[in-house]
There are 6 protein chains.
Amino acid sequence: MTAERHDGRAPDETREVRITRNWLDHAEGSVLVEFGRTRVLCAASFTEGVPRWLKGKGTGWVTAEYAMLPRATNTRSDRESVKGRIGGRTHEISRLIGRSLRAVIDTKALGENTIVLDCDVLQADGGTRTAAITGAYVALADAIAYARAKGLIAKNAQPLTGSVAAVSVGVVGGRPVLDLDYPEDSTAETDMNVVMTGEGTFIEVQGTAEGAPFDRDLLGALLDLATKGCADLTTRQQAALAEGAVA
Amino acid sequence: MTAERHDGRAPDETREVRITRNWLDHAEGSVLVEFGRTRVLCAASFTEGVPRWLKGKGTGWVTAEYAMLPRATNTRSDRESVKGRIGGRTHEISRLIGRSLRAVIDTKALGENTIVLDCDVLQADGGTRTAAITGAYVALADAIAYARAKGLIAKNAQPLTGSVAAVSVGVVGGRPVLDLDYPEDSTAETDMNVVMTGEGTFIEVQGTAEGAPFDRDLLGALLDLATKGCADLTTRQQAALAEGAVA
Amino acid sequence: MTAERHDGRAPDETREVRITRNWLDHAEGSVLVEFGRTRVLCAASFTEGVPRWLKGKGTGWVTAEYAMLPRATNTRSDRESVKGRIGGRTHEISRLIGRSLRAVIDTKALGENTIVLDCDVLQADGGTRTAAITGAYVALADAIAYARAKGLIAKNAQPLTGSVAAVSVGVVGGRPVLDLDYPEDSTAETDMNVVMTGEGTFIEVQGTAEGAPFDRDLLGALLDLATKGCADLTTRQQAALAEGAVA
Amino acid sequence: MTAERHDGRAPDETREVRITRNWLDHAEGSVLVEFGRTRVLCAASFTEGVPRWLKGKGTGWVTAEYAMLPRATNTRSDRESVKGRIGGRTHEISRLIGRSLRAVIDTKALGENTIVLDCDVLQADGGTRTAAITGAYVALADAIAYARAKGLIAKNAQPLTGSVAAVSVGVVGGRPVLDLDYPEDSTAETDMNVVMTGEGTFIEVQGTAEGAPFDRDLLGALLDLATKGCADLTTRQQAALAEGAVA
Amino acid sequence: MTAERHDGRAPDETREVRITRNWLDHAEGSVLVEFGRTRVLCAASFTEGVPRWLKGKGTGWVTAEYAMLPRATNTRSDRESVKGRIGGRTHEISRLIGRSLRAVIDTKALGENTIVLDCDVLQADGGTRTAAITGAYVALADAIAYARAKGLIAKNAQPLTGSVAAVSVGVVGGRPVLDLDYPEDSTAETDMNVVMTGEGTFIEVQGTAEGAPFDRDLLGALLDLATKGCADLTTRQQAALAEGAVA
Amino acid sequence: MTAERHDGRAPDETREVRITRNWLDHAEGSVLVEFGRTRVLCAASFTEGVPRWLKGKGTGWVTAEYAMLPRATNTRSDRESVKGRIGGRTHEISRLIGRSLRAVIDTKALGENTIVLDCDVLQADGGTRTAAITGAYVALADAIAYARAKGLIAKNAQPLTGSVAAVSVGVVGGRPVLDLDYPEDSTAETDMNVVMTGEGTFIEVQGTAEGAPFDRDLLGALLDLATKGCADLTTRQQAALAEGAVA
């Protein structure tokens, strides 16, 4: 239990997190987010109008699509476009990201506008979905700032009701740890992804027993770690957003 | 807070649960499970052999497919076979059911055999995924008993390491309640699906803030309710399985 | 030629037929129809409006979709939704059911409304398409009664111009027999599906030589049997419909 | 009832039928068959080996695929390859052609070889499926002669146990007529496709009431016409096959 | 270098070219074009209206779809409709044909009308795409003449601004040759398809080194041959169009 | 004709070209290539074994897949994985890249190994396919060096027979220019993509008249520009490859 993590981190320590804003020239908001060697490109596209089923209701829409480049992983995987269908894992993560971001969106304040968050994993080393959510929030904030600056939404509209960050926790070698990388993730007995607001409340909790089922105490310990991790990530997001106006 | 639930149930009360075994003549195990008006047909198909990626490893496989009949719901929805693609929700639930059942399976003891659980929703009134897991466990147990009786697995093999049941909990009208039906589910502020073993440990916890994010106390209250609900369902499963040998 | 059928029926005898109305809570008409061990759930969905190509013509539309649950049969078959395409047999039977029902529909009297008949085979033991047609007619009648009661169609409108029933006939062991079950169907030399009105006229005749081609006399004998069988089924339908008003 | 058919034919008269063998250079058998303005290209491809599910059983396989060029019809229809799925009608007709040809094939005598019949409608004017069957038989006979000449099947093997032809009959303007063209077909009250052997027995009978249901007498009259028509087509086929050896 | 081509042609000689107009009864323009044994059916469908993205702009649209019958080639290939997706080669050639024809179309003069060119290869022996372009031009001209005659476009409108023909050139056995057939094409070191106007200017040049890369001199020699070949084909097209009015 | 290009470049000047090797940790070769604002990630995946149709022939295989992230462009485009099919343009470019690289590969020397080049456009500003080819060559060279270092191919094997680079040329505002960016590309009258070896010979020439057809002189001028551009790119590639061993 006292053994170090394979990369020397403390149990409650995230990997090095980098958030590079405006990584793309075209997108209304874009972020290259890195959790260690995991690298996700988050692009926020702001468009006027909403899907047909929302028309005329005066509310906006935020949605997300997650995908992985074929060689993001250690061995190449086939493209979903070539296979002609999107896999269950892709669907599931796309839905999670969209749901998480909508939890901090006031769709009335957004007006009849749509923001799509494309989260493309350029390199995968565990935690791609939590990195995607954490980065996508920053791209989303930039897209909203852009829309306000361009007069696409009202000057005083506040579509963002809070911030959102996500982190994975799990039990590795019998010990609860924060922000698992791929070697840890592939041997974890329990695996949990937690999405939280900047204020420390829960948006989504998804815990899975990969090995033995877990009890209430362990669940509590994991939630403690996740709360600490999300707070750290929130600090990072705020620092990144403080660095300057949208290009 | 003292208002009754719309159908008169106590906050910690499940709907009437019925588990009818051997509903089909062909399947190695089959259950019609009903949580109130939600009605799911669970069929377990036992086949010798495993998918290609498992061949020669001496371990078996358990997987699940969830689907809904077009008129299971209040308004007819298009068939996924006609649309030519499976939706994200269907994928996600199929994966959840398979993962939950594998948590109580010793794949070594199963030998190189595969069991597929087909969970088809005949009528939907909330909680279809939790009903499916709860019913599928019974069908799975019957299929394993069948295989043992037929000598397809060893007489003393114990592929089942425990039992599994699932229930939904949520916050409706500001109050945590157990086993939401559709009218409750569609107005819930927080929605959580919990999968537990018969021994009261967690296999899967999936909580989502539909409205305001939730805090640690509320999470605790919901887990308490779910623990109580899963224990009730476990009792039901045991009663159903005690009723006689496989047809 | 004097050998009994494997289940003891006379050559001109159908299996036990059960028609359970209102099997579903949501559908405007629904029937669980059983021809022996063959079990088909028929749901009629009434919706206002018609497909685009019929708009503004003042006529309604009736169509059908047939499908089979994966474990309806003795060995599990893959879902068409998973395969991403509907097979030829499924298409063919769906078209047959729709055509058969439209033969007793006055689309003008239906007004610009659509009724979709979903016929899902829960268990297959031969004759699924004929059971589906026979059950779907009853569900259709209930959906029309519902629409009239709700004022969705005129009180005096008579969209139904007659009743329709269907049965299979074939040559098994050299002898013409009525309503083949799976063991008979799989060894039949000639196989014919016949759809008739309650008045004894033909809507559809589909005969196929599985073994040796058949001559005019044999065709006559098979049509005699089918006429008898459809008359029996018509009596069953009338009895079922007489049992009470739509729920 | 004494009115002439719109093109002056007698009620029991087929359109002008032309069968041009060896229309293609590559195929082992090929026929351009014309029923009046309906023009179908039938190509028989002989290949050694059988589909996986038949391997090692010592029997061959004959199957068919039917399709229509986009501008075969009066208004252009979208390609099924572009739509990404094959329609129900296409499936149904492909299956009918394959079944009809297999009725005159001794698969044991064919050995483990496969013959695929591609029936592509170059121009449609009613009766495309019956023209396809009639032409495909001749292409099939040529492919078998080719295989025998090349020693791909035994010199004395007789895979063909008979000949097959098909024709449509229907009720137009109250009168039973033979071999309907498109203007007749689109106004027919009853429509029947009949596939027969050269010896005058039935392989397939498919009758549909498009308008009023039909009675037993009318069915008899239509079968008489079809019997006459198939006999005429058989004569044509024999004449075409007598014209010379395979190129 | 002095060896004859395998079919005795001179290096700068095309195969025998035949252009049969009005091969179909329904299409507004149709041509069966033959380059030796290569046989392509080109059908031009004129329809009023344009795709949605062009509506209200006052301009028309010309597009093309290329396809091959399964037995056009020496061994049968699977249908793209059965495979459920169009291959890269098919897409690429369809796009090339459409682009080539649009190069001689004044879309303003066409008005808000669409012409689709379906080019279906009935038999393939090399050069199918160049035969398709050459034949499609004639079908296009006929469809435009038809539209003018019917008053669908203005009497004095000139949507055609020139003519277009295409030919392949390549290096076979070390020698540049014109209009390769399949045996030549499959052994060519360099392969080039050239699309030119009747006035001798280039619309499209697509050259590929199949073996060794080629230098500027060889490129020049190939373009000389192609220029000669396209001029010959233009003469053929003009002769075909001079033969009479549209049927 | 003397007007400057919109970004101040000389007519025969490429944009700033950057080639960053080893941009990914997992791939056997990887390059981020930038032509101005166009940014393509090229990953080379080396795997032992070949596709089934090449097995046992002692030769290897090199292929490529091209794709664009949804927000690579100025307005978001739908994912091909979501649409369920790959568009014609994607297919065409993937095929071009694969063909171009195979032109400098000795598949015998590669042995029975496969290299897949994934070229994902992260940002598009014209010339994505030429940037992809230019970058993919460097990734390919690195993957081969990796395989040699790991002993996966023989120490003295020389699978690379040369280098390959590609550039676009076109006529903008009446003047031939090199390496068009998006604003130039979208207004070009003629557009040509040229793929050349490091020795200055042609692998592929694809020229298209977007506006008026072009004559032989203009074609010559464009080929001169392309020759100059490819030589410049070759120098860049050599410099990048000289910078150090594979990580």
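This is a short walk through one chain, its annotated site, and how two of the copies relate.

Okay, ground rules. What we have is a predicted model, where local features need pLDDT of at least 70, side-chain atom pairs count only at pLDDT 80 or more, and totals for chains, interfaces and linings use all residues. Residues are numbered from 1 along each chain as its sequence is written, chains are lettered from A and ligands numbered from 1 in the order in which they are written, and side-chain values use heavy atoms, with hydrogens and water left out.

Let's start with chain A. It has six helices and nine strands; those are DSSP runs numbered from the N terminus, H or I of at least four residues for helices, E of at least two for strands. For 247 residues, a compact globule would have a radius of gyration near 18 Å, and chain A agrees, with 18 Å. That radius is taken over C-alpha atoms, and the globule rule is 2.2 Å times the number of residues to the power 0.38. Buried residues make up 59% of the chain, where buried means under 20% relative accessible area, exposed over 50%, and partly exposed in between, with a 1.4 Å probe and protein chains only.

Now the site. UniProt, in an unreviewed entry, places a "binding site" at Arg89(A), Gly127(A), Thr128(A) and Arg129(A). They span 41 residues in sequence, yet no two of their C-alpha atoms are more than 13.5 Å apart, so they gather at one spot. Bear in mind that UniProt positions are in the numbering used here, feature names are shortened, and annotations may be inferred rather than shown by experiment.

Take Arg89(A), in helix 2 (residues 88–102). At 32% relative accessibility, Arg89(A) is partly exposed. Leaving out residues up to four places away in sequence, its contacts include Thr128(A), Arg129(A) and, over in chain B, Arg95(B); contact means heavy atoms within 4.5 Å.

And Thr128(A)? That one is in helix 4 (residues 128–149), and it is buried, at 6%.

Last, the copies. Chain D goes onto chain E by a rotation of 180° with 0.0 Å of shift along the axis, RMSD 0.0 Å. That's the relation of a two-fold axis. In chain D, the C-alpha of Ser81(D) is nearest that axis, 1.8 Å from it. The superposition is least squares on C-alpha atoms of residues with pLDDT of at least 70 in both copies.
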